[in-house]
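Biologist: I would like a close look at one part of this model, the place where the two chains meet. Please take it in one piece.

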Amino acid sequence: MIEFKGVNKWFGKLHVLAEINLFIPKGEVLVICGPSGSGKSTLIRCINKLEPIQEGEIIVNEMSVHKPSTNLTKLRGEVGFVFQQFHLYPNMTVLQNIMLAPIHVKKIAKADAEKIAREKLERVGLSEKAAAYPIQLSGGQQQRVAIARNLAMSPEIMLFDEPTSALDPEMIGEVLDVMVGLASEGITMCVVTHEMGFAKKVAHRVLFMDEGKIIETGKPGAFFDNPKTDRAADFISKILTH
Amino acid sequence: MLTDFNFRVILEYMPLFLEGLKHTVFIAIIALVLALITGIIACACRISRFKILRYPVITYIEIIRSTPLLVQIYFFYFGLPTLGVSVPEIQTGIIALMLNSGAYIAEIIRAGIKSVDQGQIEAGLSSGLNYVQRMRFIILPQAFGVTIPPLLGQAIVLVKDTALLSLISVAELTRSGQTLTSERFMPTEAFLTVAFFYMCIYFGLKTLADWSQKKLIFREAY
C-alpha cells in the first residue's frame, strides 16, 4: 500500500529523513509520534509529494511517488491530506470547498458532486453549515469540514498532520470522534499526533521518530506501557506528565 | 487677498476647464484599462517558471520604477519620432502612462498573489488540482480581495499623473489652468479650479474603493 525504501531527505544540511524503510499495509491505522523537529510531518508530506526526496523511493498503490512520469493527479486523488491549520478555502462556502476537487479533478457532474458533498457533511455532523463560509465556523468545525472535503474524493489513504494541535481543548474530541469512525472503516490512515488516547484506542501500530530516524515501532499498548528504547520512554514520560 | 478672487473669469473659462476635464478622464480611463492588461500580462510573466519570460519583465519593471515618469513621457515624446514613429501627443501620453502604471500594477498583483497563504496552495495540490485550477479557483479570487485597495490607489495616482501630459501640450485639465494663467495671469483662480476638479475625481474613486472594501469583507477577515 505505502512503502518507503531507503528514503533520505535533507533540508539544506539538516538530515530530516534518514534511511527510512517502512511498509504500511492496506487498512492499517498508523500513529506517528516524536519530539518536534523529528521529521514526522515531513515523513507523511512525502507520501503525496508535498515534499521532494533526495534518495530512495516511496511507492503508493504501485505508483512510485517521486518519479517524474507518475500521474500525480491520480495519486493525490487517492490520498487525502488533513492539515494542522485546516486550510479551507476562505473564498468558498463549506459546500463549494467540498465540491471543488470532485468536480475539477474527478470530473464528477455538479449535481452528483453536491450529493456526495452533502453526504460527507452529514457524516461529520455539519449538514446545517453547508452554506456557511469557513470563517463562520469554529476550529473543530473547520477541521471536520476539511475531513469531509477529503472524504468526498473517496481516498484509499488518509494522511493527518497534527489534526488537533491547533484546536482548543474542548474541540479536540469532536474531530477525534470523526477520525475514530474512519479508522473503523478500513481506510489506511497515517496520523501524526500526540493524542495518546486516540493512539491507544484505534492505532494498529505506533511509530516513534527522533532526528529523522524511526527509533521504535510497536503495538500501542506495548509502546506506551513498555517502550523498548530510552528515548521513547523519555518522550512518553514527558507527554504524560505535562 | 481673497477679495481679489475673480469668480467671473472662472465661469468665463469654464468651457475650457470642462474640455480639459473630459480629456483627463478620457486619458485616465484608457490608460488605466491598458495598464491593467499590461500589468496582468507582466505579472504572469514575472511569476513564470521560465527565465525567458521572467527576465525581460523584471528589466521592464526595474526601468520604470527607477526613472521619473516625466523622463519617460519625454522619452516617448521625443524618442518615438526619431524612430520614425509619428504619434499624436495624446497617444504618446497614454502609452507612457500605460507602461508606467502597468509596471506598478504588475507588482501590486504579484504582492496579492504572494499574500495568499502557502497552505492554500498545498491544500489545492494535495487534492490533485493542477496549476491553472489552483490559480483560478483558489489563489486569484483570494488575491483579488487584497489587491483591490492598492489598485484603486494606483488608479488615483494615474489620474494625477495625467497632469504631467500638460508638458507635452496635451489639452488636459492642468493645461487649461496654464492657458488661463498665460492669457489673464490669474494663477490662483486657475489652479484652485483645476485642483477642485482633481479632488472631485479623487473622491469619486475613493467612494468606489470604500464600497468595494465592504463588498469583499469576508475575504479580508480570515
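Biologist: Which residue of chain B forms a salt bridge with Arg45(A), and how far apart are the closest N and O atoms?

Modeller: The partner of Arg45(A) is Glu122(B), with the closest N and O atoms 2.7 Å apart; a salt bridge here is a side-chain nitrogen of Lys or Arg within 4 Å of a carboxyl oxygen of Asp or Glu. The model is predicted, so local features need pLDDT of at least 70 and side-chain atom pairs pLDDT 80 or more, while totals for chains, interfaces and linings use all residues. Residues are numbered from 1 along each chain as written, chains are lettered from A and ligands numbered from 1 in the order written, and side-chain values use heavy atoms, without hydrogens or water.

Between chain A and chain B the count is 1 salt bridge. The interface also holds 6 residue pairs in polar contact, both residues at pLDDT 80 or more (N or O atoms within 3.5 Å, one able to donate a hydrogen and the other to accept it; residues adjacent in sequence count only if both atoms are side-chain atoms). On the chain A side, α2 (72-78), β6 (79-82) and α3 (94-104) each give two or more residues (DSSP runs, H or I of at least four residues for helices, E of at least two for strands). Of these elements, α3(A) gives the most, with 3 residues. By class, this side has 14 nonpolar, 5 polar and 4 charged residues (Ala, Val, Leu, Ile, Met, Phe, Trp, Tyr, Cys and Pro are nonpolar, Asp, Glu, Lys and Arg charged, the others, including Gly, polar).

The contact (heavy atoms within 4.5 Å) takes 23 residues from chain A and 20 residues from chain B. The buried area, the accessible area (1.4 Å probe) lost by both parts on being put together and summed over both, is about 1,800 Å², and carbon and sulfur atoms give 63% of it. Tyr89(A), Pro90(A) and Asn91(A) supply 29% of what chain A buries against chain B, more than any other three residues.

Note on methods. Buried area is the accessible area (1.4 Å probe) that two parts lose on being put together, summed over both.
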